[in-house]
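User: I'd like to learn how to read a few features of a protein model. Could you walk me through them one by one?

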Amino acid sequence: MLTIVELVGIFFFAVSGSLMAARRGFDMLGSAFLGGVCGLGGGVVRDLILNQSPATFLHPIYFAPPILAALCVYAFTPAVQKLHRLVLIFDAAGLGLFCMTGTMKALENDFNPVSSVLLGVITGVGGGMMRDVIANVTPDLFNPRDIYAIPAILGATATAFAWNLGILNLAVGICIAALTFVLRLSSIRFGWSVPMAAGHWHRENPPSPPANDGPRRHFL
Amino acid sequence: MLTIVELVGIFFFAVSGSLMAARRGFDMLGSAFLGGVCGLGGGVVRDLILNQSPATFLHPIYFAPPILAALCVYAFTPAVQKLHRLVLIFDAAGLGLFCMTGTMKALENDFNPVSSVLLGVITGVGGGMMRDVIANVTPDLFNPRDIYAIPAILGATATAFAWNLGILNLAVGICIAALTFVLRLSSIRFGWSVPMAAGHWHRENPPSPPANDGPRRHFL
Amino acid sequence: MLTIVELVGIFFFAVSGSLMAARRGFDMLGSAFLGGVCGLGGGVVRDLILNQSPATFLHPIYFAPPILAALCVYAFTPAVQKLHRLVLIFDAAGLGLFCMTGTMKALENDFNPVSSVLLGVITGVGGGMMRDVIANVTPDLFNPRDIYAIPAILGATATAFAWNLGILNLAVGICIAALTFVLRLSSIRFGWSVPMAAGHWHRENPPSPPANDGPRRHFL
């Protein structure tokens, strides 16, 4: 049962990866590859940290959703201007499912609750971050206009609590995933945000991207 | 014998990494490092997924080709305008060798054929992708003007078939690697390509890189 | 004792990650995340290569320094123009500590000295490189205006020698780390550099970043 939920989550994330490939002008193989990285990357990193061979490579069925996603994006891509919205919605759906399943798998492997929550968050946000890093754009995860990590942290924490209370079953898990999904979309819709990294001075002096090209030897 | 073939493949890839370092204006240590990432990165990822300590770190001889490659690039770099061509040729040679050896190593570790083919492809394209991601350019893998992944997939699949038929020896392996090399170079020479990720609408509405700087809270 | 030194090193690196987040305009969660990647990433990669579950995830105390660093950067960020200098100083301090502890851990796991030195260097430079790759800037590691890798290589090599001579204790380790720190800062202050990757032709023909957008099918 968990496998079916995971396959659906992989498909959601893979669609967001394939849509990114479409936006960047990659071809269909790049679409399938970027979808696969986005859908499977977080879980592969989680399994490596759990010191296991990634489940993805033991059961080739996991490679089906990215291929399906690349075909769907090829066949049904709407007009360009709608793509950004779709990426965000599919990404949020994958986020909800993966935080829950990732935390659960870490807890099943006897990891401590704090690390399990973090591994759940990594499973949820890792694939999307790898998608953005590979596509050479600044990761959406760091976009200060809305919150991405907080829904993931809440979803993973709720999963760890439900596990410790012994009430974690499929229905509860789906509820947690749905709540994470709604929280993420609400944060985009209503512009929820957290304070900037740079504290109070930021609003007056907006930071520019690092120049990295002048001499710096005299700075000390 | 396989080790010598691997060292040659590492050298080819490392030259492509060092040439990229030269094009981006990095220094010699960056050249050796980027060559090492490009030559050894795919194999390290493969070994991590096989849940082994990477062979690279057990036998320091694997670090020799990147150092040699950085010295060669330093000594013999041709004029700037020829560099891009050379990167592509060396990259294709490494691709051919690594798809074959990567698939073989996964099959030797009792992975299923589908995952073995994918691990062979990752061994082949992973180093080059890491080179581009680290050098902060859009990975060549996704360039829609020619095909990169298809020769890799065909080479890895041919290796898996030859393995299952029990006819895989050094000569057959070298033939498969050479075929992959020729396919990759032909695809560049003749502009072979696969359909775009975004389907029919793409030609009229070329996608722009994500803007990522306007407000998006009202999009839902 | 080694754990306290490691926590201090993680804090130094995490501050450099959080300052990068401040410079790029990320929010506080991005700051904690980028600090965590920078402070813990090199060690996680080292442990994966040592084929162990990363120590970070077995002892949640390792997650405290990045959170503390994000709070410090939020509370005490100085004016924007001073940030670049601070990133470099904290980064150098982390570099010194991590080269030493990373090499030591690899030697304790019976790796050969060459690989141990490389793993020490990876522990030292890996986190900072991941910080830059994720923040989508060209890694500082490759900056040809000063040397970053040479202090790391010297510090790791000194650690391996001291280990083999049986004289490696806390005081010697701190000395090696301090020396690495001073070497790194001196290289920035005095503009020490190594030859460019591209050899003699470089000064006349400065390389431009890859254009990657013209047709290339006729190049062969």
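**Reading salt bridges, burial and helix packing**

Analyst: Let's start with a charged pair: the side chains of A:Arg131 and A:Asp91 meet in a salt bridge, with N and O 2.8 Å apart. A:Arg131 sits in helix α6 (residues 113-134) of chain A and A:Asp91 in helix α5 of chain A, so the pair ties together parts that are 40 residues apart in sequence. Bear in mind that this is a predicted model.

User: What's the general idea behind such a pair, and how many salt bridges does the structure hold over all chains?

Analyst: Side chains of opposite charge can pair when their charged atoms come close. Over all chains, the structure holds 18 salt bridges.

User: Are A:Arg131 and A:Asp91 buried or exposed?

Analyst: Both A:Arg131 and A:Asp91 are buried. A:Arg131 also forms a salt bridge with A:Asp132, where the closest N and O atoms are 2.9 Å apart. A:Asp132 is buried too, like A:Arg131.

User: Which residues are linked in a network of salt bridges?

Analyst: That would be A:Arg46, A:Asp47 and A:Lys105. Within that trio, the side chains of A:Lys105 and A:Asp47 meet in a salt bridge at 3.1 Å, N to O. A:Lys105 belongs to helix α5 (residues 83-108) of chain A and A:Asp47 to helix α2 (residues 28-49) of chain A, so this bridge ties together parts that are 58 residues apart in sequence.

User: Why do A:Lys105 and A:Asp47 count as buried?

Analyst: The cut-off for buried is under 20% relative accessible area. A:Lys105 is buried because its relative accessible area is 18%. A:Asp47 is buried because its relative accessibility is 1%.

User: How do I put that in the context of the chain? What share of chain A counts as buried?

Analyst: Of its 220 residues, 60% count as buried. The chain has eight helices and zero strands, and along the sequence the pattern reads α-α-α-α-α-α-α-α. For contacts, take pairs in chain A at least 6 apart in sequence: 76% of them join residues at least 24 apart.

User: Now helix packing. At what angle do the axes of α2 and α4 of chain C cross?

Analyst: Start with the axes, then ask which residues touch. Helix α2 (residues 28-49) of chain C and helix α4 (residues 64-76) of chain C have axes that come within 8 Å and cross at roughly 130°. The two helices are therefore oblique to each other. The crossing of α2(C) past α4(C) is right-handed.

User: Which residues make the contact?

Analyst: On the α2(C) side they are C:Met28, C:Ser31, C:Ala32, C:Gly35, C:Gly36 and C:Leu40, and α4(C) brings C:Pro66, C:Ala70, C:Leu71 and C:Tyr74. Sorted by class, the contact has seven nonpolar, three polar and no charged residues.

User: One last feature: how do I read the surroundings of a single residue? Where does C:Asp27 lie?

Analyst: Look at its place in the chain, its accessibility and its contacts. C:Asp27 lies in the loop between α1 (2-23) and α2 of chain C. With 3% relative accessibility, C:Asp27 counts as buried. C:Asp27 and C:Tyr74 are 47 residues apart in sequence and 9.7 Å apart in space, C-alpha to C-alpha.

User: And which residues is C:Asp27 in contact with, leaving aside its neighbours within four places in sequence?

Analyst: With those neighbours set aside, C:Asp27 is in contact with A:Phe142, A:Asn143, A:Pro144, A:Asp146, A:Val194, A:Pro195, A:Met196 and A:Ala197.

Definitions and conventions: Residues numbered from 1 in each chain as written. Chains lettered and ligands numbered in written order. Predicted model: local features only at pLDDT ≥ 70, side-chain atom pairs only at ≥ 80, totals over all residues. Heavy atoms only, no water. Axes fitted to C-alpha atoms, helices over the stretch in contact; angles between N-to-C directions. Helix = DSSP H or I, 4+ residues; strand = E, 2+ residues; numbered from the N terminus. Parallel < 35°, antiparallel > 145°, perpendicular 65-115°, else oblique. Left-handed = near helix turned anticlockwise from the far one by under 90°. Contact = heavy atoms within 4.5 Å. Nonpolar A, V, L, I, M, F, W, Y, C, P; charged D, E, K, R; others polar. Salt bridge = Lys/Arg side-chain N within 4 Å of Asp/Glu carboxyl O. Buried < 20%, exposed > 50% of the residue type's maximum accessible area, 1.4 Å probe, protein only.
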